[in-house]
Amino acid sequence: MIDVSLLGWLLVTLTSPLSLVLLIVALGSVAYIGVTALGAAPPQRGARAVGTGAAACALAAGMIGLRVGAGAGAAVPTAAVGIAAAAALGATAACAWTFGARGAAALGAARARRSAAALRAGDERRRLLEASQRAYVEGDDLAAETAAADAAVERLRAAVEALADARGALEARRDAARGGDGDGGEHGARGGQRPEASALAEDLARACDEAALKVSMGQRVLAAAEAAALRVACNAPLRRLLRRRPREALQALAAVGAGAIAPAAASIEAFLGEVRAARAEVAEIAERRAPGAAGGATGSGAEESAAAAALGELAAMESAYGALLDRLRLSALHASTRASVEQVESAAGALSAAARAAAVDPAALDALVTEIARAESAVAAAAPESGGSRALAEALAAGSLALDRSDATSLSELIAALRELR
């Protein structure tokens, strides 16, 4: 029995020396497989250092605490098992580092690809949404609807013309048959009338009547279709303007207040330009389609009604937004006036405060004159001069006059007069 222990802890008990050999071979096989796998895999930075460090640590631990067997003969199997275990552990650690790093890189790359795909999908959805919104605002669907209506009218017109051609052919055959019957009638007195020719003439006449009825109904349908297509074409600019109206500017005006007056006015002015362009477009559509109207006076009346209705709606829209633009400009003028008045009031208030702060205090002037008079009196008492009392009286009189006038020039004259007393 061979005991394998590490730091006094029993790891495994081998039953024979053959088991020890097999353990060493197994550890060597693990090290060989690990080295082979590392050689086949792309090199990874730090794998060699990790494997070498793990092997060195395992070898040091084996030399310190590993014991295989007992007695004096345990040194050789202990060294063999320690070296094999250190090699296997180092190869395993290097493989774990290499393939773990590759797995982490693969996961990161997959996550990056998914994120990029999600971003691309989001950008594509956002682009499609923006394109759809732009097409909706520009009225691409309205243009397609107008084109579809015009195409339907053209197909209907072609069908009515085909019916008219068929009616013309039937009438030609009917006239030819009637001419043949006339010739037969001249000879009928001699040879008798043919019943087949009479039946053919009746069928042709009936077919001509049916064709004329269908052509008349087709022309009526064509006139109604042209009127409907004209309404669609005339209403397309109005519907496009309803989509492009400056609702954001008006909402900002209602929410923010005076600060949004100028942007709202600019938006409404631009919108009014579009309204005028739409009116010109509707007038051009009505004028372009007027000569080709089928149905005579009915078609002309339908065209005038559709165009007049669209132009009336556009005129009402222009009038409403024009009145709103005038009110916004007036409000902007009032706001500018209020701002100017506030600036004037602020400047006047600041000037008044500065003027009040710069005003001379009469009490301070009185104290100054009193102090100067006392000082000069003291000087005069210390060194009396002839006529000093008279000069002092004149100086005091001048000081009183200066105080009454509250004038800075008079104050300077007062000080000069007092200094003359010395």
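A residue counts as buried here when its relative accessible area is under 20%. By that cut-off, helix α7 holds the buried residues I261, A264, A265, I268, F271, L272, V275, A278, V282, I285, A286 and R289. The model described in this report is a predicted one.

**Overall make-up**

The protein chain contains 11 helices and three strands. Their order along the sequence is β-β-α-α-β-α-α-α-α-α-α-α-α-α. The chain has 422 residues, and 25% of them count as buried. Among contacts between residues at least 6 apart in sequence, 79% join residues that are at least 24 apart.

**Strand β1 and residue S5**

Strand β1 covers residues 2–6, and S5 is part of it. S5 has a relative accessible area of 16%, so it is buried, being under the 20% cut-off. Residues up to four places away in sequence aside, S5 touches L10, L11, G65, L66 and R67.

**Helix α1**

Helix α1 runs over residues 17–40. With 24 residues at 1.5 Å a residue, α1 should span 34 Å, and its end C-alpha atoms are 35 Å apart, which agrees. Its buried residues are S19, L20, L27, A31 and G34. What do the buried residues of α1 pack against? They pack against the strands β1, β2 (9–14) and β3 (66–68), and against helix α3.

Two packed helices are described by the angle between their axes and the distance between the axes.

Angles under 35 degrees count as roughly parallel, so α1 is roughly parallel to α3. The crossing of α1 past α3 is left-handed. The residues of this contact of α1 with α3 comprise 19 nonpolar, four polar and no charged.

Helix α2 covers residues 47–65, and its axis and that of α3 come within 7 Å, crossing at roughly 150°. Angles over 145 degrees count as roughly antiparallel, which is why α2 is described as roughly antiparallel to α3. The crossing of α2 and α3 is right-handed. On the α2 side the residues are A47, V50, G51, A54, A55, A58 and L59, and they meet G82, I83, A86, L89, G90, A93, A94, W97 and T98 of α3. By class, this contact of α2 with α3 has 12 nonpolar, four polar and no charged residues.

| Residue | Element | Relative accessible area |
|---|---|---|
| S5 | strand β1 | 16% |
| T98 | helix α3 | 2% |
| C208 | helix α5 | 2% |
| E318 | helix α8 | 18% |

T98 is one of the α3 residues that meet α2. Is T98 buried or exposed? At 2% relative accessibility, T98 counts as buried. Leaving aside its neighbours within four places in sequence, T98 is in contact with L38, A41, P42, Q44 and A47. Of these contacts, A47 is also named among the α2 residues that meet α3.

C208 lies in helix α5, which covers residues 195–244. C208 is buried, with a relative accessible area of 2%. Which residues are in contact with C208, leaving aside its neighbours within four places in sequence? They are R167, L170, E171 and R174. The C-alpha atoms of C208 and A169 are separated by 9.0 Å, with the two residues 39 residues apart along the chain.

Helix α7 covers residues 261–289. How does its span agree with its number of residues? At 1.5 Å a residue, the 29 residues should span 42 Å, and the end C-alpha atoms are 42 Å apart, which agrees.

An α-helix has 3.6 residues a turn, so residues three or four places apart point the same way. Among the buried residues of α7 are A264, I268, L272 and V275.

E318 is located in helix α8, residues 297–358. E318 is buried, because its relative accessible area of 18% is under 20%. Residues up to four places away in sequence aside, E318 touches L272, V275, R276 and R279. Of these, L272 and V275 are listed among the buried residues of α7.

Note on methods: Residues numbered from 1 in each chain as written. Predicted model: local features only at pLDDT ≥ 70, side-chain atom pairs only at ≥ 80, totals over all residues. Heavy atoms only, no water. Helix = DSSP H or I, 4+ residues; strand = E, 2+ residues; numbered from the N terminus. Expected span 1.5 Å × (residues − 1). Buried < 20%, exposed > 50% of the residue type's maximum accessible area, 1.4 Å probe, protein only. Contact = heavy atoms within 4.5 Å. Axes fitted to C-alpha atoms, helices over the stretch in contact; angles between N-to-C directions. Parallel < 35°, antiparallel > 145°, perpendicular 65-115°, else oblique. Left-handed = near helix turned anticlockwise from the far one by under 90°. Nonpolar A, V, L, I, M, F, W, Y, C, P; charged D, E, K, R; others polar.
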